[in-house]
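User: I have a structure open that I have never looked at before. Can you walk me through it?

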Amino acid sequence: MDMIKQILSNFSDTLPTDSKTAAAIARGAGAEEIAASATAEGLHALAGALFEALEEENASGSTGESDNTVLGALSSRLREFRGQLPDDSKTARAIDRGARLEEISEAAQEEGLTSLAAMLMEAEQEQSKG
C-alpha cells in the first residue's frame with residue numbers, strides 16, 4: 001500500500017479541490033474508487049498509475065488480495081468504473097448488459113478510458129490462457 005500512498009501524494013497537489021477524485025482521496029476511499037473517479041474526470045495518468053500499483057500488489061500477493069489475476073478483481077473494478085460513468089456512456093451500457101470483455105474494452109477505448117481498456121485487454125488475455 002505504500003506505493004499507492006506515494007502515488008496519491010504525488011498527484012494530490014495537482015488535483016482541483018472541487019474534483020470527485022480529490023474528494024475520494026480526502027475521505028480515504030479505496031484505490032479502485034479513486035482510480036475510477038480519476039478516469040471519469042480524465043485524469044488518466046493518475047488512474048493508470050493506481051491500476052499499475054494495484055496490479056503489482058496483486059501479483060506480489062500483498063495482504064488482502066487472495067486472487068493474483070486481473071480476472072479475480074475484474075467484477076469489483078468494473079462496478080467501480082461503472083459507478084463513475086454517465087448512463088449514456090457506451091461503456092456503461094455495455095457493462096450494464098453484461099457484454100463480452102472485448103466489447104466493453106472497445107467501448108472504453110473509443111471513449112478514452114485507456115486504463116479500463118488496458119485492464120480489460122489483460123483480463124481477455126488471461127481468459128484466453130485459461
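User: At what angle do helix α7 and helix α8 pack, and how far apart are their axes?
Analyst: This is a predicted model, in which local features need pLDDT of at least 70, side-chain atom pairs count only at pLDDT 80 or more, and totals for chains, interfaces and linings use all residues. Residues are numbered from 1 along each chain as its sequence is written, and side-chain values use heavy atoms, with hydrogens and water left out. Helix α7 (residues 101-110) and helix α8 (residues 114-129) pack at about 160 degrees, and their axes are 8 Å apart. Axes are lines fitted to C-alpha atoms, for helices over the stretch in contact, and angles run from 0 to 180 degrees between N-to-C directions.

User: Which label goes with α7 and α8, then: roughly parallel or roughly antiparallel?
Analyst: α7 and α8 are therefore roughly antiparallel to each other. Angles under 35 degrees count as roughly parallel, over 145 as roughly antiparallel, 65 to 115 as roughly perpendicular and the rest as oblique.

User: Which residues meet between α7 and α8?
Analyst: From α7 there are L101, E102, I104, S105, A108 and Q109, and they meet T114, L116, A117, L120, M121, A123, E124 and Q127 in α8. The residues of this contact divide into eight nonpolar, four polar and two charged. Ala, Val, Leu, Ile, Met, Phe, Trp, Tyr, Cys and Pro count as nonpolar, Asp, Glu, Lys and Arg as charged, and the others, Gly among them, as polar. Contact means heavy atoms within 4.5 Å.

User: What is the length of α8, and which of its residues are buried?
Analyst: α8 has 16 residues and spans 23 Å from its first C-alpha to its last, close to the expected 22 Å. The expected span is 1.5 Å times one less than the number of residues. Buried in α8 are S115, L116, A117, M119, L120 and A123. Buried means under 20% relative accessible area, exposed over 50%, and partly exposed in between (1.4 Å probe, protein chains only).

User: Zooming out, how many helices and strands does the protein have?
Analyst: There are eight helices and zero strands. Helices (H or I, at least four residues) and strands (E, at least two) are DSSP runs, numbered from the N terminus. Of the 130 residues in the protein, 40% are buried. Among contacts between residues at least 6 apart in sequence, 47% join residues at least 24 apart.

User: How many residues of α3 are buried?
Analyst: Helix α3 (residues 31-40) is mostly covered, with seven of its ten residues buried. They are A31, I34, A35, A36, S37, A38 and T39. α3 is followed by G42, which has a positive phi, near 80 degrees.

User: What does S37 touch?
Analyst: Leaving aside neighbours within four places in sequence, S37 is in contact with K20, T21, A24 and Q84. S37 has a relative accessible area of 3%.

User: Now α1. Is K5 buried or exposed?
Analyst: K5, in helix α1 (residues 2-12), is exposed, with a relative accessible area of 56%. K5 and L50 are 45 residues apart in sequence and 9.6 Å apart in space, C-alpha to C-alpha. D2 is also in α1, and D2 counts as exposed at 64% relative accessibility.
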